Protein chains: 2
Amino acid sequence: MESFWCELHRDSSVPLYEQLYTYIKSEITEGRLPYGTKLPSKRKMAEFLKVSQNTIETAYEQLQAEGYVEVKARKGYFVQASDELEYIPRHTKEEIKTLPSKEQYQYNFHPSQIDPREFPFDRWRKHARNVVAPENHHLLLLGDTLGEMELREEIRHYLYHSRGVKCHPDQIVVGAGVEVLLQQLVLLLGSDKIYGIEDPGYHMMLKIIQHYPNEAIPISVDAEGVQVEQLQDLNVDIVYTTPSHHFPYGSVLSINRRHKLLTWAEENTERYIIEDDYDSEFRYSGKTIPSLHSMDRTEKVIYLGTFSKSLMPSIRISYMVLPNNLLDIFKQKFAHYHSTVSRIDQVILASFMKSGDFEKHLNRMRKIYRKKLEKVLSLLKTYEESIQLIGEHSGLHIVLKINNDHTENELIDLSAKANMKVYPLSNYSLKKGVQDAPQFLLGFAHIPEHELERAINQLLKAWHFK
Amino acid sequence: MESFWCELHRDSSVPLYEQLYTYIKSEITEGRLPYGTKLPSKRKMAEFLKVSQNTIETAYEQLQAEGYVEVKARKGYFVQASDELEYIPRHTKEEIKTLPSKEQYQYNFHPSQIDPREFPFDRWRKHARNVVAPENHHLLLLGDTLGEMELREEIRHYLYHSRGVKCHPDQIVVGAGVEVLLQQLVLLLGSDKIYGIEDPGYHMMLKIIQHYPNEAIPISVDAEGVQVEQLQDLNVDIVYTTPSHHFPYGSVLSINRRHKLLTWAEENTERYIIEDDYDSEFRYSGKTIPSLHSMDRTEKVIYLGTFSKSLMPSIRISYMVLPNNLLDIFKQKFAHYHSTVSRIDQVILASFMKSGDFEKHLNRMRKIYRKKLEKVLSLLKTYEESIQLIGEHSGLHIVLKINNDHTENELIDLSAKANMKVYPLSNYSLKKGVQDAPQFLLGFAHIPEHELERAINQLLKAWHFK
């Protein structure tokens with residue numbers, strides 16, 4: 001009874017029974033009177049609230065008529081939640097605290113950002129409008145576990161013509177980001193495999209492996225690329241590499257090393273190469289570097305690609321090309337899983353690619369990013385004696401090697417004080433303390449062209465070059 | 001040289017140099033002449049093709065002018081892929097074989113299908129149109145790892161009012177399907193945990209655990225629900241359960257068992273209950289069963305929900321509510337991961353929910369499904385002596401217990417011969433051979449109402465009831 005602190009206003013124009021009815025109804029719909037709760041008897045309630053039993057009865061009957069309570073013979077009134085979902089008007093306060101938002105910098109030089117302002121929203125919307133239509137209602141049901149065939153066919157076509165990857169669409173697996181695919185690969189290849197990870201490199205693979213029994217070993221990278229001898233020496237089974245555009249240095253694995261790497265993999269049936277071709281779309285010097293996959297004659301290369309750079313990171317669509325011998329194991333191990341990507345999104349993307357809009361977008365973005373890169377290079381040229389540029393032919397970032405009297409930490413602090421976020425190479429290196437001078441990844445893609453000069457000058461000033 | 005089998009037609013109106021130029025260009029753009037390949041010298045090529053050196057030179061110069069080859073002084077002509085992506089017209093045949101499509105049945109009684117024809121495509125498109133707009137370009141960049149705050153706030157609101165789940169939006173994690181979230185949970189809770197899985201039940205959890213070092217033990221389900229004593233006896237740490245609508249029987253975990261289950265969990269800090277509330281939206285008898293989470297006072301329940309039934313299975317948006325003590329570990333373990341759901345889709349869904357369209361859609365679908373269920377029940381009523389119905393108050397399927405002279409396999413074969421796919425309970429049971437009569441899950445949601453009579457009659461006829 002103590003829970004029925006219903007304050008009745010006897011001088012109100014609203015009848016007492018209605019006040020009681022409104023009170024109990026809100027207690028039910030707002031979850032404070034759960035399903036199955038027995039209401040006090042009419043007599044007890046009347047005594048408690050000091051009103052007539054008639055008043056209680058009228059309120060209870062109203063609640064019963066509307067389905068909020070039910071009468072059980074000789075037992076009384078019980079809460080019965082409404083048949084329909086009850087949404088409560090939003091003025092009900094329920095103590096929402098939101099966490100403070102992330103730090104906001106005036107300029108954030110994150111290396112993997114794109115320029116979202118140049119996205120062809122109109123074209124994408126057009127494709128979306130055509131796909132999200134009653135005649136396509138089947139797209140609401142579950143699709144192919146490996147991904148929609150029409151998207152995989154577009155990916156195959158794209159990979160063949162832009163990266164020399166020859167595969168059948170059945171070999172392509174679509175997933176919600178490279179992490180999802182890498183996790184599947186780790187499970188697919190088995191818990192006894194030792195992974196070799198380029199160092200410096202993209203360490204997501206390392207973070208993923210930490211959740212599994214597998215071991216991950218950093219493999220040094222020199223000017224020619226990953227040092228293949230180390231793979232042999234360290235008993236590596238699977239190597240994770242970025243041969244066409246090393247992350248973060250942008251270097252290309254030499255032809256010599258490519259052959260060595262493939263030969264290493266061919267020596268043992270358990271060995272595989274994971275080729276992450278993460279931003280192959282953006283090369284500005286006019287020379288397309290063929291994929292390692294295109295040189296692979298013995299199905300040793302697992303090719304990984306993503307739409308994160310070419311479309312948007314937030315769409316969460318990536319793909320891998322599996323060698324045929326892994327494909328069967330994959331299907332067997334993951335047959336009961338569902339695709340991790342919305343089927344509608346897959347079909348929209350397939351339509352975007354098939355129409356030629358994807359190609360146009362890529363060509364346009366390549367020009368935009370090239371222009372931005374040229375601007376950055378021209379702004380930094382004056383300082384070439386103390387700022388060495390690395391990886392300036394491709395991608396959405398360059399690496400700066402800073403030769404002044406400041407340490408890495410000092411340069412980070414100086415940038416932060418000037419409201420800028422920079423990303424030191426040490427974030428991407430496992431072996432610390434080997435740098436002769438501080439190095440930073442400088443992502444330029446997302447900064448509007450007209451602001452680049454200001455951004456770079458602000459950085460140069462913060463770092464005491466100006 | 002043997003790779004230059006260019007057939008020149010001397011009597012063609014197309015000049016010889018142009019034939020050669022077209023041939024080499026297509027070899028380059030179609031990937032057969034990779035980047036860096038040295039072309040034969042003009043002299044050798046002229047000899048080989050028996051044309052003048054002038055012809056070769058004109059072709060090479062044309063290729064050079066268009067950027068397909070470059071000249072290196074004293075070395076010759078080298079293939080240089082075009083700066084832009086080269087897409088080849090689609091009439092080029094590249095030996096595409098597509099796999100045969102899945103078996104198509106006239107009626108497929110799969111238990112977890114929805115009716116996609118009734119989806120409010122217009123409304124969804126309207127929300128999508130508003131979200132996919134240049135002013136929202138920030139939505140192309142990566143969002144919150146746990147999910148967009150505006151969607152998590154809508155989910156919180158929905159869960160509070162429809163399921164009595166009280167949580168903070170910060171406790172909600174959005175993921176690309178229940179499988180993705182369950183995998184994260186297994187990694188989060190640790191490899192030493194023993195899982196108890198309802199049997200019969202939804203065995204995805206079992207299939208997921210098979211990839212990890214953890215053990216999974218089937219726990220029997222009786223009329224009151226999962227048998228809590230077994231959890232104690234079998235040293236289970238984590239139990240996976242469907243308390244409000246048992247899969248596949250549709251039964252509700254009794255209040256007594258709910259208390260026992262929560263008490264069991266409270267006895268050890270390492271114990272947790274995973275509550276999968278997979279189709280809580282569809283209950284037709286007017287009584288909402290509160291979630292187990294709503295009774296949990298000590299943060300022992302991990303609540304799992306999905307939009308697979310309420311919107312569409314192919315959208316791949318599910319969520320979990322983590323107890324606060326697991327939240328920190330989750331953030332620590334998965335801080336570097338990206339969300340597995342498209343940010344744009346999350347914001348479209350949040351907008352759909354906020355506008356009231358989701359509620360309207362749910363109410364409408366509940367009426368449609370209820371009508372279909374009533375139709376199915378009325379069609380089967382005549383056979384109640386030999387067809388027992390189980391779980392007929394909620395969800396998108398019922399269970400039929402068949403008492404005629406046929407075995408489960410015979411009934412499957414008879415259905416298949418009549419072009420229908422049925423799903424035996426044994427698919428969802430680990431302990432075989434305990435059934436006194438064959439049982440089948442009968443999904444009715446996706447069959448159009450006007451076809452239900454025909455579908456059910458066809459099944460009854462196939463099973464020799466008619």
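Buried means under 20% relative accessible area, exposed over 50%, and partly exposed in between, with a 1.4 Å probe and protein chains only. This is a predicted model, where local features need pLDDT of at least 70, side-chain atom pairs count only at pLDDT 80 or more, and totals for chains, interfaces and linings use all residues. Residues are numbered from 1 along each chain as its sequence is written, chains are lettered from A and ligands numbered from 1 in the order in which they are written, and side-chain values use heavy atoms, with hydrogens and water left out.

**Exercise 1. Describe the surroundings of A:Ser339.**

Step 1. Locate the residue. A:Ser339 is in the loop between helix H10 (324–334) and helix H11 (343–354) of chain A.

Step 2. The relative accessible area of A:Ser339 is 9%, so it is buried.

Step 3. Collect the contacts. Beyond the neighbours within four places in sequence, A:Ser339 meets A:Asp144, A:Thr145, A:Gln346 and B:Arg316.

Step 4. Look at the side chains. Those of A:Ser339 and A:Gln346 make a polar contact of 3.4 Å. Such a contact is a pair of N or O atoms within 3.5 Å; within protein, one must be able to donate a hydrogen and the other to accept it, and residues adjacent in sequence count only if both atoms are side-chain atoms.

**Exercise 2. Which residues does a cis peptide bond join in chain A, and which in chain B?**

Step 1. Take chain A. The cis bond joins A:Asp199 and A:Pro200, with omega about 0°. A:Pro200 belongs to the loop between strand E5 (194–199) and helix H7 (204–209) of chain A.

Step 2. Take chain B. Here the cis bond joins B:Asp199 and B:Pro200, and omega is about 0°. B:Pro200 is in the loop between strand E5 (194–199) and helix H7 (204–209) of chain B.

**Exercise 3. Is A:Lys50 buried or exposed? Is A:Asn419 buried or partly exposed?**

Step 1. Start with A:Lys50. Its loop runs between helix H2 (42–49) and helix H3 (53–65) of chain A. Phi is near 55° at A:Lys50, a positive value in a residue other than glycine. Relative accessibility is 64%, so A:Lys50 counts as exposed.

Step 2. Turn to A:Asn419. This residue lies in the loop between helix H13 (408–417) and strand E14 (420–421) of chain A. A:Asn419 is not a glycine, yet its phi is positive, about 70°. At 33% relative accessibility, A:Asn419 counts as partly exposed.

**Exercise 4. Sum up chain A as a whole.**

Step 1. Count the elements. Chain A has 14 helices and 16 strands.

Step 2. Along the principal axes, the C-alpha atoms of chain A fill a box of roughly 95 × 60 × 45 Å.

Step 3. State the burial. Of the 466 residues in chain A, 59% are buried.

Step 4. Among chain A contacts between residues at least 6 apart in sequence, 71% join residues at least 24 apart.

How values were computed: Helices (H or I, at least four residues) and strands (E, at least two) are DSSP runs, numbered from the N terminus. Contact means heavy atoms within 4.5 Å.
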